[in-house]
Amino acid sequence: MTSRGRPLPEDLLEIFSRFVEARAGLHFPRARWMDLGRALHVAAPEIGCESAEQCARLLLSDGANKETVDFFLSQLTVGETYFFRDKAAFDALETRVLPELIGARRRSSKRLRIWSAGCCTGEEAYSIAIVVSRALPHLADWHVTILGTDINPRFLEKAEAGIYSEWSFRGKFEAVKERYFRRLANGCLEIVPRIKNLVSFGCMNLVEDVCPTLLHETNAMDIIFCRNVLMYFSFDQAKNVAGKLYQSLVGDGWLFPGGPEASRELFGRFTASNISGTIVYGKSSKPAPAESPRSTADAGHRSARVNPGQPRHDSEKDAAPSIAGPAKALSQTPEALAEQARRLANEGRLGEALTACDEAVRADKLATSLHYLRGLILDENGAQEEAEAALKRALFLDQDFVLAHFALGNLMRRQGRWRSAKRCFKNASLLLRGCDPDATLPESGGITARRLLAILDATHDSIASL
């Protein structure tokens with residue numbers, strides 16, 4: 001690749017390719033250095049550089065800010081997708097995976113969590129939502145969460161809008177367009193609110209960001225789609241991400257990789273199944289245990305979740321707490337109970353997590369972090385009013401608690417309360433700009449102020465017009 005007629009030095013491209021791999025996991029071997037050089041050439045004017053070489057050296061320098069680096073890295077991801085891409089995968093979802101999970105959840109929580117990792121401009125996440133709506137005729141009786149994440153804020157902006165051209169529909173989808181979209185005056189199609197409201201979007205770097213975590217809402221997933229993403233990573237980075245996905249799934253969860261990515265070397269901890277002509281990975285091959293006095297505690301999230309029609313945790317008579325009665329609970333410190341609550345929540349055992357968290361709050365009513373954690377667990381449990389009250393309680397105790405502002409903004413964003421959400425995100429951004437960029441935020445699970453600010457900036461961009 002050349003810059004203003006001059007070839008980029010090979011030693012610079014080699015160093016820069018290693019930099020890209022370390023920061024985003026994207027693998028650019030020598031055969032793809034021209035692609036890397038081309039991306040630098042395109043990004044240079046937007047970053048304020050006169051040449052691709054100057055752009056590369058700026059990004060490698062200590063003076064490069066996180067926002068500029070993230071902007072460049074986001075340009076390396078491919079934005080080519082469309083609705084129901086890979087029909088076999090969606091057939092497997094609709095005919096086998098969803099019916100099994102719905103059958104198990106119908107007897108307990110009526111709760112379903114799905115993650116489209118590397119969702120691009122949202123077509124995959126909305127395709128999943130359409131399939132879920134067909135599989136659940138009584139959708140209002142269920143608490144369904146579909147999360148779409150991507151590293152590219154421009155992709156997320158389009159996903160949030162939910163408006164697509166005919167190019168996003170490749171195949172015979174007239175019935176889908178008629179039922180789930182409305183035609184706009186300019187000829188584009190907009191996803192209908194009842195489907196759009198099932199999906200939320202967030203900015204995430206699969207390599208750098210922590211997961212599973214309550215903060216990113218990547219914990220206790222029943223289904224993860226991560227298709228045509230890992231193929232751009234180096235083997236080591238792809239294996240690292242595969243490990244994160246494994247931890248983010250519940251015990252009977254399912255992973256949908258892309259066809260070229262379905263490698264036993266990457267997914268050795270999973271059990272592979274060929275369903276409808278596509279490879280799908282199950283986290284566990286063991287059948288669900290029979291009902292017993294202990295089964296509700298041991299079966300993970302199957303019994304610890306709450307029907308959204310009855311969101312209060314004190315009605316969960318079937319959720320066996322992991323702590324053996326009040327005497328044992330009171331003997332633990334609030335810190336130990338909080339750690340137990342986080343672990344249980346990451347496993348999807350929300351009733352038990354809330355029991356532990358409530359014990360911690362009773363032991364230390366003025367601990368801001370405990371009210372924040374309680375708010376996250378309640379929110380995931382579908383008890384949004386109680387969650388909002390808990391997060392506001394945390395902010396009453398400490399108005400500078402950045403993560404509480406962020407979590408409250410996410411809650412309001414999912415409810416369509418855009419003005420309130422933007423206010424919360426603005427408060428969080430202002431507080432973060434006064435922090436040491438490389439400082440790890442308390443209660444974040446390892447996220448730095450710089451990283452959360454980048455996520456907030458991307459979030460603001462994606463909802464600015466809403």
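The legends below describe close-up views of a predicted model.

In this predicted model, local features need pLDDT of at least 70 and side-chain atom pairs count only at pLDDT 80 or more, while totals for chains, interfaces and linings use all residues. Residues are numbered from 1 along each chain as its sequence is written, and side-chain values use heavy atoms, with hydrogens and water left out.

**View 1. Helix H5 (residues 87–106) crosses helix H6 (residues 123–135).** The two axes come within 10 Å and cross at roughly 55°, which makes H5 oblique to H6 (angles under 35 degrees count as roughly parallel, over 145 as roughly antiparallel, 65 to 115 as roughly perpendicular and the rest as oblique). Axes are lines fitted to C-alpha atoms, for helices over the stretch in contact, and angles run from 0 to 180 degrees between N-to-C directions; helices (H or I, at least four residues) and strands (E, at least two) are DSSP runs, numbered from the N terminus.

**View 2. An open sheet of 7 strands has mixed pairing.** The strand order is S8-S4-S3-S9-S10-S12-S11, where two strands pair if DSSP finds at least two bridges between them. Strand S8 (199–203) and strand S11 (271–275) are the edge strands, each pairing on one side only, and neighbouring strands of this sheet are turned by 25° against each other on average, direction ignored.

**View 3. Strand S3 (residues 111–117) pairs with strand S4 (residues 143–150) in the parallel sense.** The pairing extends over 7 bridges, and Ala117 stands opposite Thr149 in S4.
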